[in-house]
Amino acid sequence: MLKRLSNARILMYSHDTFGLGHLRRCRTIAHSLVEDYRGVQVLIISGATIAGAFDYRARVDFVKIPSVIKLHNGEYTSMDRHIDLHETLKMRQSIIRHTAESFEPDMFIIDKEPLGLRGEVEDTLVYLKTKGSRLVLGLRDVMDAPHLLEAEWKRNDVLTKIAKLYDDVWIYGPPDFYDPLTGIDVPQALRDKMQFVGFLQRNALGGTRSEHAPHEDYLLVTTGGGGDGADLVRDVIAAYQADPTLDHHALVVLGPYMPVEMRQKFMEAGANHPKLKIIEFDNRMEDLISGAKAVVAMGGYNTYCEILSFDKPALIVPRTEPRQEQLIRATRASELGLVSMVSADDSSNALAFAQAIKDVLKRDPPSISAPGMHLEGLPTISRLVAESLVRNDGDHLSLVQG
């Protein structure tokens with residue numbers, strides 16, 4: 001039975017400078033909340049250039065802030081090269097603050113960046129704290145190598161500010177998988193606020209079939225946003241060209257952030273191979289993964305949740321720059337028997353990579369190779385949201401049967 005949170009407003013922040021992971025995670029949580037509670041409204045602040053390319057459920061909407069792009073060296077630049085980065089950040093900060101003032105959220109959920117990009121959310125967090133909004137930081141299961149994360153956060157005294165500003169810190173994974181703050185000297189005040197909610201389960205959208213889904217049994221190759229996925233696609237194509245016994249149909253999704261010249265090159269290569277179908281983007285990745293025989297991916301958080309949700313054998317080729325997040329996650333998942341993993345160096349050996357792809361097509365799904373991984377993140381978050389908001393004294397916040 002649906003429950004009702006009367007007139008509850010939830011604001012979410014997704015900085016989105018590289019890839020689609022943050023927006024897709026926020027959108028998944030938002031959709032789950034409006035499905036569970038009829039009175040909830042969710043507004044997502046996003047810097048993703050293609051935020052409007054996705055469908056949003058009723059009572060979920062987004063506010064687009066000017067896009068900032070992270071370069072491969074870790075530096076940032078404005079999406080519009082004619083606007084200075086400093087000016088872009090000032091605009092983003094102003095829009096975020098104005099949105100919070102107008103929307104008057106009962107809860108503000110920040111994805112991954114505790115103070116926002118270059119601290120752009122800190123002012124809004126301080127303001128909303130004075131208004132009694134519940135402030136929540138959501139961290140993915142793996143952030144980065146401990147020494148890199150600690151150095152990054154020490155520069156702005158982030159750990160102290162998290163402990164001071166936030167009411168809750170949600171970890172989007174189970175405690176027996178990985179602690180994103182492992183190896184860091186974390187204040188006890190912060191540790192006391194941390195809750196491991198579990199991985200965020202995904203569901204196929206259903207209804208009409210994606211126009212890109214092959215009619216044959218297929219292997220899905222995905223690079224996420226695609227900004228750093230060219231090496232993986234190049235190596236998959238090379239494996240198919242080098243080994244004629246690798247004859248399973250493959251659907252390769254390049255990602256919307258892959259550079260145009262690379263996309264064109266790969267599309268041409270795919271057109272010349274009978275077993276390869278290469279597309280740029282599909283906003284229904286859940287459906288494509290659900291229909292696949294197996295998955296080859298770089299192993300970002302959302303792809304990993306989808307692999308587990310749809311119980312697909314997977315071969316992970318993690319990137320190692322500018323963050324080691326994917327490598328840490330893939331190493332841990334491989335240790336647990338959830339996925340197979342090869343390094344980027346190994347994938348560049350075409351014949352060896354072709355064999356690894358053939359092997360994953362025969363691999364048991366995660367439910368058999370490593371049963372018991374937790375996917376209760378969404379219902380746990382729904383429960384925590386209800387408990388937090390009902391705990392408030394506001395007259396408009398009440399949990400009643402609908």
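Leaving aside neighbours within four places in sequence, Ser388 is in contact with Met107, Arg134 and Asp168 in this predicted model. Ser388 sits in helix α15, which spans residues 377-391. Is Ser388 buried or exposed? Its relative accessibility is 4%, and because the cut-off for buried is under 20%, Ser388 counts as buried.

Let's turn to the sheet. Six strands make up an open sheet with parallel pairing, and their order is β13-β12-β11-β14-β15-β16. The edges are taken by β13 and β16; each has a single partner strand, so one side of each is left without a neighbour in the sheet. Further in, β11 and β14 pair in the parallel sense over four bridges.

| Strand | Residues |
|---|---|
| β11 | residues 218-222 |
| β13 | residues 276-279 |
| β14 | residues 294-297 |
| β15 | residues 314-316 |
| β16 | residues 340-341 |

Finally, a word on confidence. The chain has a mean pLDDT of 90, with 92% of its residues at 70 or more. Over residues 393-397, however, pLDDT stays under 50, and the model has eight contacts beyond four places in sequence for this stretch. Where pLDDT is low, the predicted coordinates should not be read in detail.

Conventions
Residues are numbered from 1 along each chain as its sequence is written. This is a predicted model: local features need pLDDT of at least 70, side-chain atom pairs count only at pLDDT 80 or more; totals for chains, interfaces and linings use all residues. Side-chain values use heavy atoms; hydrogens and water are left out. pLDDT is the predictor's confidence in each residue, from 0 to 100. Contact means heavy atoms within 4.5 Å. Helices (H or I, at least four residues) and strands (E, at least two) are DSSP runs, numbered from the N terminus. Buried means under 20% relative accessible area, exposed over 50%, partly exposed in between (1.4 Å probe, protein chains only). Two strands pair if DSSP finds at least two bridges between them. Axes are lines fitted to C-alpha atoms, for helices over the stretch in contact, and angles run from 0 to 180 degrees between N-to-C directions.
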